[in-house]
Amino acid sequence: MTPPTTIRLYGTAPDSIVDGPGLRYAVFVQGCSHACPGCHNPDSQPCAGGTVRAIEDVAADIAANKLVQGVTISGGEPFEQAAACAQLARCVRERGLNVWTYSGYRYEQLEAGFPDAAARDLLDQTDVLVDGPFVQAQHSFDLPWRGSRNQRLIDVPATRTHGRIVLWETHEDFPEKPPSW
């Protein structure tokens with residue numbers, strides 16, 4: 001099967017600090033069937049909106065930003081454009097960047113190939129999956145990298161290695177305050 005060459009985007013944020021750890025390049029796809037009440041990007045929900053871009057051009061924009069430490073694919077719903085998002089993720093991973101993917105679907109659904117067979121391909125290219133729909137009644141600003149308590153930060157490679165859900169834990173080492181301070 002020929003990989004897709006275009007992706008429908010709601011927009012991008014080339015210097016995000018709220019879509020995962022470090023300085024990230026966030027890619028927001030267009031189209032989402034979840035329609036979660038309280039969605040932070042409600043204009044990204046209609047499938048017909050947004051802008052169609054060449055995946056190669058988006059990957060080149062990301063590569064041109066030498067400060068980013070990773071890429072976040074959010075939405076909209078990335079798994080409703082799973083083949084295009086997987087292709088984009090493959091391009092940026094080849095450049096040494098990690099990939100976080102946000103989804104209103106649960107990991108178990110995606111691993112089973114829902115909403116389509118390309119879901120597993122996008123999971124293959126994802127380092128951390130933030131899964132589950134946004135639930136406004138469980139919303140909190142105190143949650144790192146997610147909007148509601150039902151959402152999980154899943155370390156996808158570790159989950160596959162262990163055959164069970166493994167939650168992502170920060171791997172950042174923060175310098176300690178010098179004794180002279």
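Which strands does helix α2 (residues 82-93) lie across, and at about what angle does α2 run to β1? In this predicted model, α2 lies across β1, β2, β4 and β5 (98-102), and runs at about 40 degrees to β1.

## The sheet

Now for what sits under that helix. Seven strands make up an open sheet with mixed pairing, and reading across gives the order β3-β1-β2-β4-β5-β6-β7. The edges belong to β3 (51-54) and β7 (152-155), each of which pairs on one side only. From one strand to the next, the twist averages 30 degrees.

Take a look at the β3 end. Strand β1 (residues 6-16) runs antiparallel to β3, and four bridges join the two.

## Two helices, side by side

Helix α1 (residues 55-64) has its own set of strands: α1 lies across β1, β2 (24-29), β3 and β4 (70-74), at about 75 degrees to β3.

How do α1 and α2 pack, in angle and axis distance? The angle is about 35 degrees, and the axes are 10 Å apart. The crossing of α1 past α2 is right-handed. On the α1 side, the contact uses Ile55, Val58, Ala59 and Ile62, which meet Ala84, Gln87, Leu88, Cys91 and Val92 from α2. Sort those residues by type and you get eight nonpolar, one polar and no charged.

## Aromatic pairs

There are three aromatic pairs in the structure. In one of them, the rings of Trp100 and Trp168 have centres 4.9 Å apart and planes at 75 degrees, so this pair counts as edge-to-face. Trp100 belongs to strand β5, while Trp168 is in the segment after α5 (156-162), so the pair ties together parts 68 residues apart in sequence. Trp100 is buried because its relative accessible area is 2%, under the 20% cut-off. Trp168 also counts as buried, at 17% relative accessibility.

Definitions and conventions
Residues are numbered from 1 along each chain as its sequence is written. This is a predicted model: local features need pLDDT of at least 70, side-chain atom pairs count only at pLDDT 80 or more; totals for chains, interfaces and linings use all residues. Side-chain values use heavy atoms; hydrogens and water are left out. Two strands pair if DSSP finds at least two bridges between them. Axes are lines fitted to C-alpha atoms, for helices over the stretch in contact, and angles run from 0 to 180 degrees between N-to-C directions. Contact means heavy atoms within 4.5 Å. A crossing is left-handed if the near helix is turned anticlockwise from the far one by less than a right angle, and right-handed if clockwise. Ala, Val, Leu, Ile, Met, Phe, Trp, Tyr, Cys and Pro count as nonpolar, Asp, Glu, Lys and Arg as charged, and the others, Gly among them, as polar. Rings of Phe, Tyr and Trp (its six-membered ring) pair if their centres lie within 6.5 Å; planes under 30 degrees apart count as stacked, over 60 as edge-to-face and the rest as tilted. Buried means under 20% relative accessible area, exposed over 50%, partly exposed in between (1.4 Å probe, protein chains only).
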